[in-house]
Amino acid sequence: MTHTLHREGINKDSNDYVFLAMVEGNDPQKLDNLAELFKIILKHKPLNYTGKALFPDLPAEQLSQIYKRTKIGMAVFDRREDLFSALREIKDRELGVSVVVSGLFPHIGEDCKKLGLPMHTVNYSLGVWGKREKLPDPKVTEITTMCGHGLVSFNLVQSLLKEIRRGKKTLEEAAEILTKPCVCGVVNPKRAVELLRAML
Amino acid sequence: MKISPDKCQTCALCLPFCPVGAIRIKGKKVVVEHEECVECGVCARSGVCQDGAFIKEELPWPRILRAEFSDPMIPHKKTDIAGRGTAEMKTNDVTGRVKSGEVGVAVELGRPGVGTRFTEVEKVSREIAQLKIPLEEANPVSALIRDPEKGTFPPEILQEKVLSAIVEFKIPLERLEQVMNLLKQLLPGLDTVASVSLIGCSETDGRIPLEEFLIKKKIPFYPNGKVNIGLGRPLKP
């Protein structure tokens, strides 16, 4: 389905943990709670989050008001323990907002158990079917599938690789550019650096 | 999207940003191929054009569908949800959309990064309709269906191209094998890719019957995925 499900190439060394919270309907109390929830998330220093690309300098207080309007927000962490701490705080606050975590199933299972939470509903990816010959090198799609809406183009990855090889951009600069098209803020820039490095 | 020929300095720096490769050089001009552009807005938002040459056009029906299905900044009218317009399992702890014993199925045509026309989406929706399986109501693809018994769209939308669109439905677990067999036959014949996903609930003892089914039937699935961790409960009084 959507956002972060079909991330390709995830393994135990990927350091890639994605958080999503969403309110169904327009209950004003729950929307306030969504804003509260994101203050907690931002406090735990995600690498990237919804709104970062569009409003890089907006303080957490104002960003959380944006989530109230969009009724959804996302964030990506490279440290599982940071996401775990955020989840524990959110659970303790009993905010009543739906939360979805993306990552390796064994990791999520372990963390849910420690938090005393169920794996209520699970979404499995069966991968890409159909005309796979239309796809580039799988290393490229490991980067581009970090944006579930497909806004990071295959060509942008290839183009940035050329610039890195020519010494015109660093790996970090290229990764930063790759995070920008994804308005949900779920492209993991540290993972992008490692994937680009592996393609040089 | 259009490029102003007066403002464009033909630097071509914008070309790689387009997710579907619709920005091209024609002669000595950089142009957006109207038929290929999915109106996702990435080019204009990227800030790569220092000359302000991108022009966002007013999009009439049915071209507006391109933006609704490709630009996550634009919510779908039917569901009031941006992106691909469906909440699917994200709020399943509140909505109970997929229940114990059921499987949610999503076939996302065009993903990753290839795009699709509604001709290909209709090939899937027609086959699902043949099986007498209703499509998920709270999904913008379902809202476009003109004849639910046949799974067909209005003819004027068929050539519209979008980054992706999700055919979404739910079935009893017992029907999953039948649906999987259909998809195995159908999807290789489409002129695009499709990302396929399934949703299942855990039982009170922690078992997930859908996962057990996939393992038993040797249907491969990614080691990573999405889990709704059940925090979306009613507020405390």
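Guide: Two strands pair if DSSP finds at least two bridges between them. Helices (H or I, at least four residues) and strands (E, at least two) are themselves DSSP runs, numbered from the N terminus. This is a predicted model, in which local features need pLDDT of at least 70 and side-chain atom pairs count only at pLDDT 80 or more, while totals for chains, interfaces and linings use all residues. Residues are numbered from 1 along each chain as its sequence is written, and chains are lettered from A and ligands numbered from 1 in the order in which they are written.

Visitor: In β9(B), which residue is the bridge partner of B:Ala106?
Guide: Strand β5 of chain B and strand β9 (residues 193–201) of chain B run antiparallel and are joined by 6 bridges. Within β9(B), the partner of B:Ala106 is B:Ser197.

Visitor: Over how many bridges do β5(B) and β8 of chain B pair?
Guide: One facing pair is B:Leu109 and B:Ala165, the latter in β8(B). Strand β8 covers residues 165–172, and its antiparallel pairing with β5(B) extends over 8 bridges.

Visitor: How many residues of strand β5 of chain B are buried?
Guide: A residue is buried if 20 or more other C-beta atoms, placed from the backbone, lie within 10 Å of its own, exposed if 12 or fewer, and partly exposed in between. In a regular strand the side chains alternate between the two faces of the sheet. Here B:Glu102, B:Gly104, B:Ala106 and B:Glu108 point one way, B:Val103, B:Val105, B:Val107 and B:Leu109 point the other way, and all are buried. The strand (residues 102–109) is largely enclosed by the rest of the structure, because the buried residues number 8 of the 8.

Visitor: What is the radius of gyration of chain A?
Guide: Chain A has 8 helices and 5 strands. The radius of gyration is taken over C-alpha atoms, and the globule rule is 2.2 Å times the number of residues to the power 0.38. For 200 residues that rule gives 16 Å; chain A comes close to this and so is as compact as a globular protein of that length, its radius of gyration being 17 Å.

Visitor: Which strand supplies the largest share of the side of chain A that touches chain B?
Guide: Two residues are in contact if their C-beta atoms, placed from the backbone, lie within 7 Å. The contact takes 60 residues from chain A and 69 residues from chain B. The largest share of chain A's side, 10 residues, comes from β5(A).

Visitor: Which residue in β9(B) stands opposite A:Tyr124?
Guide: Strands β5(A) and β9(B) pair across the two chains in the antiparallel sense, over 8 bridges. Opposite A:Tyr124 stands B:Leu198.

Visitor: What distance separates the centres of the two domains of chain B?
Guide: Chain B is divided into domain 1 (1–57) and domain 2 (78–216), with bounds from an automatic or database domain assignment. Taken over C-alpha atoms, the separation of their centres is 32 Å.
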